[in-house]
Amino acid sequence: MITQSDIKTIFLAVVQFLVAALFCCATFGLYIYSAQHTIAAETWIEVGQETLLAASALLFLICAPRFKAIEGGLWLIGGFFVTLLIRELDAWSDMLFHGCWKYMAAIWLCALTAIIYKRNAGKSVVPGLVHFIRHRAWYVMLFGVVLLLVYSRLYGMKCLWELYAADQCAGWRNIKSFSEEAAELLAYMLIFWASSIYVFDLLRKKSQALAR
């Protein structure tokens, strides 16, 4: 027998599909805008990547103090994304001096360690990580991080593009850069999607528990 809960589940799935589709359509507009409007140091596609990454980090960092049992894990995940963001912003930090991002990342990791220690959240690091891994958002996050750190790097290797495109297209380097950035943007979209699903599910369950 079909229940109201079943109908609600299917409706939410349709809404999620439409939201995801809108995200994909928005990337097309971003690609066009980025090609027509240049900025110093990076492209608007990279700005989009950094925005999604910053939003993902903030979701975990803001949520962490609200869940003591898994706080350490949430700090660690959010801290990981902040470290990635610092690396992504290297084009700007290099204006200070080359390799500046490494020192900024080291300072942030020291600060993150201090925060976890001061809040006595060290014991909740492993429970927090386990809680996230057991959540359905983990599989989306896993694919997004692998796409970002492994696939996009292999996909962007110069030797691969020289093998397939060097003799066929004079502008293959521009196409390579765009394709690599597009792959990374997809990865950041998946990371943001997984972060949103997980954090909002945590908040929803907490509000339901308080309402009882």
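User: Where is Asn120 found?
Analyst: This is a predicted model, and Asn120 sits in the loop between α5 and α6.

User: Is Asn120 buried or exposed?
Analyst: Asn120 counts as exposed, because its relative accessibility is 61% and the cut-off for exposed is over 50%.

User: And what is its phi?
Analyst: Phi of Asn120 is near 55°, which is a positive value in a residue other than glycine.

User: OK, helices next. At what angle do the axes of α3 and α5 cross?
Analyst: They cross at roughly 170°, and the axes come within 10 Å. Angles over 145 degrees count as roughly antiparallel, so α3 is roughly antiparallel to α5.

User: Which residues make the contact?
Analyst: From α3, they include Trp75, Val82 and Ile86. From α5, Trp101, Trp108 and Leu112 are among them.

User: How do the residues of that contact divide into nonpolar, polar and charged?
Analyst: There are 11 nonpolar, three polar and one charged in the contact of α3 with α5.

User: Now the core. How many residues does the largest nonpolar core have?
Analyst: It has 44 residues. Phe60, Leu74 and Tyr198 are among those with the most contacts inside it.

User: Which helices supply at least two residues of this core each?
Analyst: Those are α2, α3, α5, α6, α7 and α9. The largest share, 13 residues, comes from α9.

User: What is Leu74 in contact with?
Analyst: Leaving aside neighbours within four places in sequence, Leu74 is in contact with Phe60, Cys63, Ala64, Phe67, Tyr198 and Leu202.

Terms used:
Residues numbered from 1 in each chain as written. Predicted model: local features only at pLDDT ≥ 70, side-chain atom pairs only at ≥ 80, totals over all residues. Heavy atoms only, no water. Core = buried A, V, L, I, M, F, W, Y, C linked by side-chain atoms within 4.5 Å. Buried < 20%, exposed > 50% of the residue type's maximum accessible area, 1.4 Å probe, protein only. Helix = DSSP H or I, 4+ residues; strand = E, 2+ residues; numbered from the N terminus. Contact = heavy atoms within 4.5 Å. Axes fitted to C-alpha atoms, helices over the stretch in contact; angles between N-to-C directions. Parallel < 35°, antiparallel > 145°, perpendicular 65-115°, else oblique. Nonpolar A, V, L, I, M, F, W, Y, C, P; charged D, E, K, R; others polar.
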